[in-house]
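The following paragraphs lead the reader through selected parts of a structure. Please keep the sequence and the coordinates in view while reading.

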Amino acid sequence: VSGVVSVNEPTEISEGVISQTSERSSQHNNDITRNTDKSSIENPVSPNNSQPVQFSHINRQKVINLTSRTRFGEVDGLLYEKLHPGDKSLAKLARIAGSKKLREHQVVLEGKHLVCSALDAGAEAQTLYFSSVDALRELPLDKLRQTNVVKVKMEDAQVWSELDTSQEIIAIFKRPEASRLTFSEEKYGRAVPLTLICDTVRDPGNLGSVLRSAAAAGCHSVLLTKGCVDIWELKVLRAAMGAHFRLPIIPNLTWTDISNHLPKTSTVHVADNHSTTMGKHNDNTTPQKHRRPSDYGWVKGHQYQSKAHDDDDANDLCSLEDYCDENSKSLETQLYYTDWVAGHTSLIIGGETHGLSREALQLAERTSGRRLLIPMVDGVDSLNSAIAAGVLLFEGRKQLLSLEKIRV
Ligand SMILES: C[S@@+](CC[C@H](N)C(=O)[O-])C[C@H]1O[C@@H](n2cnc3c(N)ncnc32)[C@H](O)[C@@H]1O
C-alpha cells in the first residue's frame with residue numbers, strides 16, 4: 001500500500017485510535033471520514049480542539065462510527081477494525097448469501113483463493129472479514145484501499161450457518177459484471193473460440209460444475225438463459241471453483257440477447273440426449289439426417305419447452321414429435337466425437353428437468369448447427385448436464401486445437 005507504514009507484525013491500535021502512524025488520540029465519538037484525495041483521514045470535529053485530526057498517508061475513504069467500534073489494527077499498512085463480540089453486522093453476509101434480491105447488488109465470496117481471483121479480475125470488495133492475519137496477507141492488499149476491512153473471531157463467524165465457517169476470509173463484493181472484469185490470458189491461457197450456452201440449468205451444483213468445466217476447457221465465454229440458477233449463489237460459487245473470474249459468464253439473457261452476444265459466424269450446436277440409444281444406433285453407425293422421434297426408442301414423455309424460464313406453464317410444452325415435425329427438420333444428429341467445429345462454435349446444454357428448449361433448437365437450426373449425441377447404453381435416458389457439458393466441451397476443445405494446427 002503506497003505511502004503507509006509497513007510492519008511485519010500486525011499492529012493493534014487501542015480504543016479510539018485509527019492512525020496508521022500509531023498516533024494515539026483521545027476518545028472520539030464522531031464519524032471519521034478518510035479522504036482519498038487528500039491522502040488523509042479527517043475527523044470533522046475533534047472533541048479537544050475542534051480542528052480536524054489528520055491521519056497522514058492513508059489512501060482510503062470511509063466513515064467509521066467510533067461509538068460502535070472500539071479497536072483497530074493494521075497489517076502491512078492496511079488498516080482494519082476489530083469486530084465486537086456479538087456484533088450483528090456479520091449477519092448481513094448470511095442475508096446477502098440467502099437472498100436473490102440482495103444478490104442483484106452485492107455478492108458474498110468465501111475463501112482467500114476466490115477473493116484473490118475476484119480482486120485480481122478487478123471486482124470491487126466492499127467489506128472484507130478475516131479471521132487470520134496470515135490469510136489476509138496473501139491477498140493483494142493494494143486492491144483493498146477502498147474496502148472496509150474487519151477482523152472477526154472464528155467464534156463470531158458461527159452466527160451464519162449457511163456460510164462455510166472454515167474460511168478465513170469472507171467478503172462482500174459489489175455484484176461483478178463480466179464486462180467490467182479482466183480475464184488474464186497470461187494467467188489462464190488463451191481461450192478457444194467455443195461458447196457454452198446453458199438453457200435453464202437450475203441445479204446450483206450442476207451449474208457450478210458446468211462453469212468449472214467451461215473454464216478448464218478454456219472456453220471463450222458462457223451465456224445463461226434467464227431460467228438458470230443465479231450464478232452468485234453460494235453453491236454455484238463453491239462448485240465453480242473460481243470459474244467466475246476466469247472467463248466471461250453472462251447471466252439472465254433472453255434468446256435474442258444470446259444471439260446478439262454471439263459472433264455472427266458462430267455455429268450453434270445442441271447437446272441432445274434424445275437422439276438415440278446404443279441398442280438402436282451404435283457407435284459405428286453414421287447418424288441419420290433426420291429421424292422421427294419414434295425411430296429412436298426414447299423414454300416416453302419428453303417434452304420441449306417453448307419458454308426457457310417458465311417451465312411451470314404446461315401449455316407452453318409441446319411433444320417432441322410435434323416439435324421436430326414443425327421446426328427442426330434440418331437439424332441433423334451426429335456423434336459427438338466426429339467433427340463439429342469450424343471457426344467460432346457454440347454449444348447449448350439443456351437443463352435438468354426439460355432438457356433443450358424450443359428456442360435452443362431454433363437457434364441451432366438458424367446457424368446450421370447439429371444435434372450432438374454422446375451415445376449411451378440401452379435403457380439410459382440421459383447424462384447429468386454437467387457431465388454432458390464436460391464431455392462435449394473437451395471434445396470441442398480438442399477439435400478446435402487440431403483445426404488450428406492444420407491451419408498453421
Ligand atoms: C439431464 S439431461 C435432460 C434430461 C431431461 N429430462 C430430458 O429428457 O430432456 C440435461 C442435458 O444434458 C445434455 N445431455 C445429457 N445426456 C446427453 C447425451 N447422451 N448426449 C448429448 N447430450 C446429453 C442435454 O443437453 C440435456 O438436455
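Cysteine 228 is buried, with a relative accessible area of 9%; buried denotes under 20% relative accessible area, exposed over 50%, and partly exposed the range in between, computed with a 1.4 Å probe on protein chains only. The model is predicted, so local features need pLDDT of at least 70 and side-chain atom pairs count only at pLDDT 80 or more, whereas totals for chains, interfaces and linings use all residues. Residues are numbered from 1 along each chain as its sequence is written, and side-chain values use heavy atoms, leaving out hydrogens and water.

A disulfide is a covalent bond between the sulfur atoms of two cysteines; here the criterion is a pair of cysteine sulfur atoms within 2.5 Å. The closest cysteine sulfur to that of cysteine 228 belongs to cysteine 198 and lies 5.3 Å away, too far for a bond. A search of the whole structure finds 0 disulfides.

Threonine 225 belongs to strand S13 (residues 221-225); strands (E, at least two residues) and helices (H or I, at least four) are DSSP runs numbered from the N terminus. Threonine 225 is buried, with a relative accessible area of 2%. A polar atom of its side chain lies 2.9 Å from the backbone nitrogen of threonine 200.

Strand S15 (residues 267-271) is largely enclosed by the rest of the structure, because 5 of its 5 residues are buried. Thr267, His269 and Ala271 point one way from S15, while Val268 and Val270 point the other way. Strands pair if DSSP finds at least two bridges between them. S15 pairs in the parallel sense with strand S19 (residues 345-350) over 4 bridges, and valine 270 has isoleucine 348 as its bridge partner in S19. S15 also pairs in the parallel sense with strand S20 (residues 371-373), over 2 bridges; in S20, leucine 372 is the bridge partner of alanine 271.

Terms used
Polar contact = N/O pair within 3.5 Å; in protein donor to acceptor, adjacent residues only side chain to side chain.
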